[in-house]
Amino acid sequence: MGLLDGKVVIVTGSGGGIGRQHALALAKEGAAVVVNDLGGARDGKGEGHAMADAVVGEIVAAGGEAVANYDSVATVEGAQNILKTALDAFDKVDVVVNNAGILRDKSFANMTEEMWDIVVAVHLRGTFCVTHAVYNHMKQRGGGGVIINTSSTSGLNGNFGQTNYGAAKAGIAGMTRCLAIEGRKYGIRTFILAPVALTRLTEDLALFQDEKVKAAMDPKLVSPLVVYLASDLAKEFSGQTFFVGQGRIAEMRVVTHTGVTKTENGGLWTPAEIAEKMTAGEILLPD
Ligand code: NAI
């Protein structure tokens, strides 16, 4: 008996890296998996079937069920075709993990329109396109569902050289939090992941050159949380954001400090009064 017996799961960008680990872990728990991957390079250039086919081969060889899909998540047609692949093979979708991604890093002054547009297209638009197709299927089917979207600490906390990627990743988090509220009445649960792992996306980061750090960054350490969230073990939860990697799992939140509230003068602060309260430490959150 697997935790996900009878469930059908789509994992986008699961031909390599973290997505491949999600697909393997979900299949191991009994899910039938659609392995989607465009099969291109780290920067989104090119395409091919080999990456998705290899992961399908691994799942089938281990006794699991999987089919490949090679569409780009960044278009409505691609997303509809990913859904169609799932419906043709397995008749339904219970879970989608939006994980596909690329990088085009540059300091903001040197960021081009093309670098901005393609990163936003794959991450934010891609997450919208696939989620929209699958959400409407789940809503019509009436059996609930789980949507797990991949954000990043770059979007939630900030990172040098990633304004395009950070904007897209923060957008994904915002979309997913709103969808948690809309999905509630249909039993559709949504979650946000901020993973950290050694993959082709991160292999050139200075931090990841240390051998000890590398060993602790295995992408397979991210996937047990995805299996848990996809399963009925997490049926009471929705809308949360999780940092996950290196063996650590921790909720992340946007928090609002109590701050200061003025009641005199209709609540209208003067800049000098605000400066005074800032200096007194009454507006900023404690470190
Ligand atoms: P990866 O490059 O190994 O995996 C991304 C996969 O997405 C690739 O297999 C690629 O072919 C596929 N892909 C790219 N564009 C696609 C498209 N248009 N349609 C379908 N598939 C497409 O990188 P990694 O690290 O496994 O990244 C997975 C996700 O985790 C990404 O969303 C990434 O932004 C996110 N992430 C990763 C972190 C890390 O530390 N590795 C940190 C924070 C977030």
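Me: Is Cys-178 buried or exposed, or something in between?
Reply: Cys-178 is partly exposed, with a relative accessible area of 49%. Buried means under 20% relative accessible area, exposed over 50%, and partly exposed in between, using a 1.4 Å probe and protein chains only. The model is a predicted one, in which local features need pLDDT of at least 70 and side-chain atom pairs count only at pLDDT 80 or more, while totals for chains, interfaces and linings use all residues. Residues are numbered from 1 along each chain as its sequence is written, and side-chain values use heavy atoms, with hydrogens and water left out.

Me: And Cys-129, buried or exposed?
Reply: Cys-129 is buried, at a relative accessible area of 4%.

Me: How many disulfides does the structure hold?
Reply: The structure holds 0 disulfides, a disulfide being a pair of cysteine sulfur atoms within 2.5 Å.

Me: Changing topic: which residues are closest to the ligand?
Reply: The closest are Ile-18, Asp-37, Asn-99, Tyr-165 and Thr-199, out of 31 residues that surround the ligand. A residue is counted here if one of its heavy atoms lies within 4 Å of the molecule.

Me: How much of the ligand's area does the protein cover?
Reply: The protein covers 97% of the 820 Å² of accessible area that the ligand has on its own. Accessible areas come from the Shrake-Rupley method with a 1.4 Å probe, and for residues only the protein chains shown count as cover.

Me: Back to Thr-199: where is its place?
Reply: Thr-199 is in the loop between β6 and α7 (211–215). Helices (H or I, at least four residues) and strands (E, at least two) are DSSP runs, numbered from the N terminus. Thr-199 is buried, with a relative accessible area of 15%.

Me: What does Thr-199 touch?
Reply: Not counting residues up to four places away in sequence, Thr-199 touches Gly-17, Ile-18 and Pro-219. Contact means heavy atoms within 4.5 Å.

Me: Ile-18 again! Which residues of α1 are buried?
Reply: The buried residues of α1 are Ile-18, Gly-19, Gln-21, His-22, Ala-23, Leu-26 and Ala-27. They pack against β1 (8–11), β2 (32–36), α2 (50–61), β4 (95–98), β6 (188–195) and α8 (223–230).

Me: What span should helix α1 have?
Reply: Helix α1 has 12 residues (17–28) and should span 16 Å at 1.5 Å a residue; its end C-alpha atoms are 17 Å apart, which agrees. The expected span is 1.5 Å times one less than the number of residues.

Me: What comes just after α1?
Reply: Gly-30 is found there, with a positive phi of about 100 degrees.
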